[in-house]
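Thank you all for making time this morning.

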Amino acid sequence: MAQNQETKQNPSEPKPCLSGRGITKVFGIGNKATTAVDHVDFDFNEGEFVSIVGESGSGKTTLSKMLLGLISVTEGEVRFQGQPRDISTGAKRREYWKNIQPIFQDPFSSYNMFYKIDAVLDDCLNMRGYRNASKEERTRLKDEACGFVNLKYAELTNKYPFELSGGQMQRLMIARIFLLKPKILMADEPTSMIDACSRATILDMLLKLRDEVNMTVIFITHDIGLAYYISDKVYIMEHGKFVESGPAETVILNPKADYTKRLINDVPKIYEKWDLDTVARK
Amino acid sequence: MGNVMLEVNHLKTKYITRFHEDVYAVDDVSLKIEEGKSLGIAGESGCGKSTLALSLIGYYFAPLHYISGDIIIDGVKISDMKPDEVRKNVLGNEVAYIPQAAMNALNPTMKIIRFIEDVMKAHNIKMTKKEIYDMARERFADLGLPEEVLNKHAVELSGGMKQRTVIAISTILSPKVLIADEPSSALDVTSQKMVIRMMRELMEKGYIKSMIFITHELPLLYNVTDDIMVMYAGQIVERGTAKEMVFDPIHPYSKGLMGSIIVPESGVREHKLTAIPGTPPNLKNPPKGCRFAERCRYATPTCSAMAPEIKEFDNGRTYRCLMSVRKIREVYENGTEPGNETESE
């Protein structure tokens, strides 16, 4: 993995991988306009595990879609590796997507039900430039990727996505990311539809991706406990704005904003008493 | 000791697939809930939690079939009744059920008050529309739901509000047992807390007498229910009070589940999550011996040959494992026995 050696940075001087200045998204016009994301600034460094935490409707997913280039940015600038991002044409966009890849919330609707699992992995190999590689070479790569997420390629080949369980599907999604080796992984609530036991496996795999491929992982979640366990840096989002950000330890153990305090208070706990009476009535 | 609200003895149910294969999703389950108590059921996806919930309300419509065992709700045996009879006489006034997808349970063309009128009509309760409205308004106010909700359509409500409305509607006849199947899994933490709070209010105000709460979120069960029961591959593997189960699990599977807990408290980042390797067995032909044997890191060759029986202590704690408690404690303290590492999966 010669490529990884080059990109490995001295941890003392973090290099911004994806940054944004004054990013805004407004849906609708006139008096029906809704501001989903309101002038947010951020710098996600290379090899960093970043979490964006907020409740439903706080604009987390809108922000992730803008960063993925799936919807347009109303105002502001996205910078990728120090350069302004250019996705004006289809070819440029495809080039950008080689560097940023998503994992979505619902593994059951992330696959095309008519294609076999092999097709999903073959697509990744084609995108990585293995189009003319021999069959053995391709199988070896696919085997390696499935091995990375504790799946066996020999058992999966010739199967359709609906023959897998939710946890297996989500793990295969991560195998796909391992094949593509993008610079940035955008994980939008990847564990919310999966039971607690497989969740631990998925989280471990995301950490492994970060450590082995030096990937920047942007993890979007509503569960502040997850964010605390897994991330280096946490951004707390309320009504389209970042109300608090910083290292996970600082933000979650000594929260400053009221909103962060409320989010922490809302998660069930086991060592401290869970206060059920202070509920913000919506 | 309160009255026993729900008693289940050796319940067995199966699914018949379209290829005429039998899948034993609930296999020899016995449980008991007293008045004013709540029981949490935890387990992985596909371990039979939801099937147990459907079986308990007597919902035996194809492909689910009843085989044997008794279900007794407050002295009335419902396992002998026909499914249609159960739906008319038991569901709603004796036992209420909140499905996993309660968010989609409301017809978008109907106002919320119509659902309540429907419940009354289905149970042959003679009340005028005015009386129903007054009763519903009182109950909603008591549970902290605004009165406007009654005149709204489902699409106008947020996810958390919809879920709470469904709970309020299904408990309007004050059932004896409430069975909630993952009522908060699709919600964010703030709405989840409101749902939990409402369920606690229902218990405290006596609208429901006992509750079964099904989820895979253990920290939630620890805070909500008195007892926790862990299911694996259609069987109960352990039952104890919430505190015992979280801090001192006996069965290796429960221990594995407790290892996957994540809470935002200091010290969590340091301890490593332990995932259970492998996948649950296929219930079409369950293993002959212990069902957890092939994923258990403490398993011995006897485990896959001999099926363990449920063992019960004096304080009501039960577990299903071939090892004695003392042996298990010893094994946990010493870590894994050499040669039995099954981490590779």
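Let me begin with a question: which residues in helix 4 of chain A meet which residues in helix 7 of chain A? On the helix 4 side of chain A they are Ile117(A), Val120(A), Leu121(A), Cys124(A), Leu125(A) and Met127(A), and in helix 7 of chain A their counterparts are Leu172(A), Arg176(A), Leu179(A) and Leu180(A), where a contact means that two C-beta atoms, placed from the backbone, lie within 7 Å.

Before going on, a word of care: this is a predicted model, in which local features need pLDDT of at least 70 and side-chain atom pairs count only at pLDDT 80 or more, while totals for chains, interfaces and linings use all residues. Residues are numbered from 1 along each chain as its sequence is written, and chains are lettered from A and ligands numbered from 1 in the order in which they are written.

Back to our two helices. Helix 4 of chain A, residues 117-127, packs against helix 7 of chain A, residues 166-180, at an angle of about 20°, and their axes are 9 Å apart. That makes the two helices of chain A roughly parallel, a word used for angles under 35 degrees, with axes being lines fitted to C-alpha atoms, for helices over the stretch in contact, and angles running from 0 to 180 degrees between N-to-C directions. The crossing of helix 4 past helix 7 in chain A is right-handed, that is, the near helix is turned clockwise from the far one by less than a right angle.

Now to chain A as a whole. It holds 11 helices and 10 strands, which are DSSP runs numbered from the N terminus (H or I, at least four residues, for helices; E, at least two, for strands). For its 282 residues a compact globule would have a radius of gyration near 19 Å, and the 20 Å of chain A agrees with that; the radius is taken over C-alpha atoms, and the globule rule is 2.2 Å times the number of residues to the power 0.38. Of these 282 residues, 41% count as buried, meaning that 20 or more other C-beta atoms lie within 10 Å of the residue's own.

Chain A also has an open antiparallel sheet of 4 strands in the order 2-1-4-5, where two strands pair if DSSP finds at least two bridges between them. Strand 2 (34-45) and strand 5 of chain A stand at the edges, each with a single partner strand, so one side of each has no neighbour in the sheet. Within the sheet, strand 1 (residues 16-27) and strand 4 (residues 75-80) of chain A are joined by 5 bridges, and Gly20(A) stands opposite Val78(A). Strand 4 and strand 5 (residues 83-84) of chain A share 2 bridges, with Phe80(A) opposite Gln83(A) and Arg79(A) opposite Pro84(A). In the hairpin of these two strands, which has 2 residues between them, Gln81(A) takes a positive phi near 50°.

Finally, chain B. Is strand 7 of chain B, residues 177-181, enclosed or left open? 5 of its 5 residues are buried, so strand 7 of chain B is largely enclosed by the rest of the structure. Its pairing with strand 6 (residues 95-98) of chain B is parallel, over 4 bridges, and 5 bridges join it, also in parallel, to strand 8 (residues 210-214) of chain B. Ile179(B) stands opposite Tyr97(B) and has Ile212(B) as its bridge partner in strand 8 of chain B.

How values were computed. Buried ≥ 20, exposed ≤ 12 C-beta atoms within 10 Å, placed from the backbone. Parallel < 35°, antiparallel > 145°, perpendicular 65-115°, else oblique.
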